[in-house]
Amino acid sequence: MPVRSQLARLLRRMGYVQAVAALAWLAFWASRAPALAWTGFVLLLLLAPIVLAIEFALLALVARGDRDVPDASPAQLLRAWLGETRQLFQVFYWRQPLRWREVDDYLPPESEGRTGVVLLHGFMCNRGFWAPWMRRLRERGVPHIAVNLEPVFGEIDANGDCVEEAVRRLTALTGKPPVLVCHSMGGLAARSWLRTHGAANRLQHVVTIASPHHGTWLGRFSRRPNGRQMRLDSGWLRGLQQHESAHPRPPWTCWYTNCDNIVFPPSTARLEGADNRFVPGRAHVDLAFAPEVMDHTLSVLSR
């Protein structure tokens, strides 16, 4: 298990700055304008859910009429926003900054013949994202490794060595090709690894959840190397597609939703030739913990 997380430090600092800003606002205005003081205090603490609401509004505008993906209804969008808000505080304010080492990798010596799992997180995440998955895998005796893909804002191709090490360790331990389970950008890290290090027979299966296989509309606002690579139809993504058209892929499952507030239009999370599975009404992070996604992935391990 990694001993450091650049992302954890970054999230802690962001949380401290947010808390200090909210308290400073409250202290400054408390005696001058109490109503303004408390309104600003609450808004500063709820800044992240407000940003989520803006993302859902953009999703509703941009994704309208996207191929054969049904448009999200207002009720679906509202429920998705509530679910994603819950996940936001659990994942970005608790597990990733403060508890990312709480659940260790599971590599028991008696793993010969078992199929292992490598867990690849997405943009602005670390291995703490996967804690519910790791607990469930451990309960079933499934060997697994959850990595930290860093640097946080580096090029996606730079994650290849990290993925390679995890795949090699699990293969050596179990004697069998592992399954990759990837959320968001992690799916692109898997595809990049396959292009530079991998071969189809080195993996049993790849599961991607809300991965921007064809980019995302929001990518246009990023100035970071990995963010630019995830722009719609970017040159980097076209390069991946060209390589894959000439090389076999392992069996692949793509999960996507019509309420993805990060990867939209929704059809960009599908991949040609994959088993593309649609879950309505789930948001970007929340989709990774949907029961049908977790249950189906565990069924893949038993095949």
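Author: Start with residue classes: Ala, Val, Leu, Ile, Met, Phe, Trp, Tyr, Cys and Pro count as nonpolar, Asp, Glu, Lys and Arg as charged, and the others, including Gly, as polar. This is a predicted model, in which local features need pLDDT of at least 70 and side-chain atom pairs count only at pLDDT 80 or more, while totals for chains, interfaces and linings use all residues. Residues are numbered from 1 along each chain as its sequence is written, and side-chain values use heavy atoms, with hydrogens and water left out.

Reader: Which residues line the second largest pocket, and how do they divide into nonpolar, polar and charged?

Author: A pocket is an open set of points on a 1 Å grid over the protein atoms alone, with protein on both sides within 12 Å along at least five of seven lines; a cavity is a set where a 1.4 Å probe fits but cannot get out, and lining residues have an atom within 4 Å of a point. Here Met1, Pro2, Asp105, Ile145, Ala146, Val147, Asn148, Cys162, Glu165, Ala166 and Arg169 line the second largest pocket. By class that lining has 7 nonpolar, 1 polar and 3 charged residues.

Reader: What is the volume of the second largest pocket, and which element gives the most to its lining?

Author: A volume is the space filled by probe spheres set on the grid points, which are joined across faces, edges and corners. For the second largest pocket that comes to about 150 Å³. Elements are DSSP runs numbered from the N terminus: helices (H or I, at least four residues) and strands (E, at least two). Strand S2 (144–146) and helix H6 (160–174) each supply at least two lining residues, with H6 giving the most, 4 residues.

Reader: How much space lies in the largest pocket, and which residues lie nearest its centre?

Author: About 1,300 Å³. Its lining takes in 43 residues, and Val51, Glu55, Phe92, Met124 and Ile262 are the ones nearest the centre. Helices H1 (6–29), H3 (47–62) and H4 (74–98) are the elements giving two or more residues to this lining. H1 has the largest share, 8 residues. The classes here are 26 nonpolar, 12 polar and 5 charged.

Reader: Is Ser211 buried or exposed?

Author: Burial is read from relative accessible area: under 20% is buried, over 50% exposed, and partly exposed lies in between (1.4 Å probe, protein chains only). Ser211 has 1%, so it counts as buried. The residue sits in the loop between strand S4 (205–209) and helix H8 (225–229).

Reader: What is Ser211 in contact with?

Author: Contact means heavy atoms within 4.5 Å. Beyond its neighbours within four places in sequence, Ser211 touches Cys182, His183, Ser184, Gly187, Val263, Thr268 and Ala269. Of these, Ser184 has its backbone oxygen 2.7 Å from a polar atom of the Ser211 side chain.

Reader: How many salt bridges does the structure hold?

Author: A salt bridge is a side-chain nitrogen of Lys or Arg within 4 Å of a carboxyl oxygen of Asp or Glu. The structure holds 13. One of them pairs Arg135 with Glu102, with the closest N and O atoms 3.4 Å apart. This pair links distant parts of the chain, 33 residues apart: Arg135 is in helix H5 (131–139), and Glu102 in the loop between H4 and strand S1 (117–120). Arg135 is partly exposed at 40%, as is Glu102 at 49%.

Reader: Which residues are joined with Asp286 in one network?

Author: Salt bridges with shared partners join Arg86, Arg282 and Asp286. Between Arg282 and Asp286 the closest N and O atoms are 3.1 Å apart. Arg282 is partly exposed at 22%, whereas Asp286 is buried at 7%.

Definitions and conventions
A polar contact is a pair of N or O atoms within 3.5 Å; within protein, one must be able to donate a hydrogen and the other to accept it, and residues adjacent in sequence count only if both atoms are side-chain atoms.
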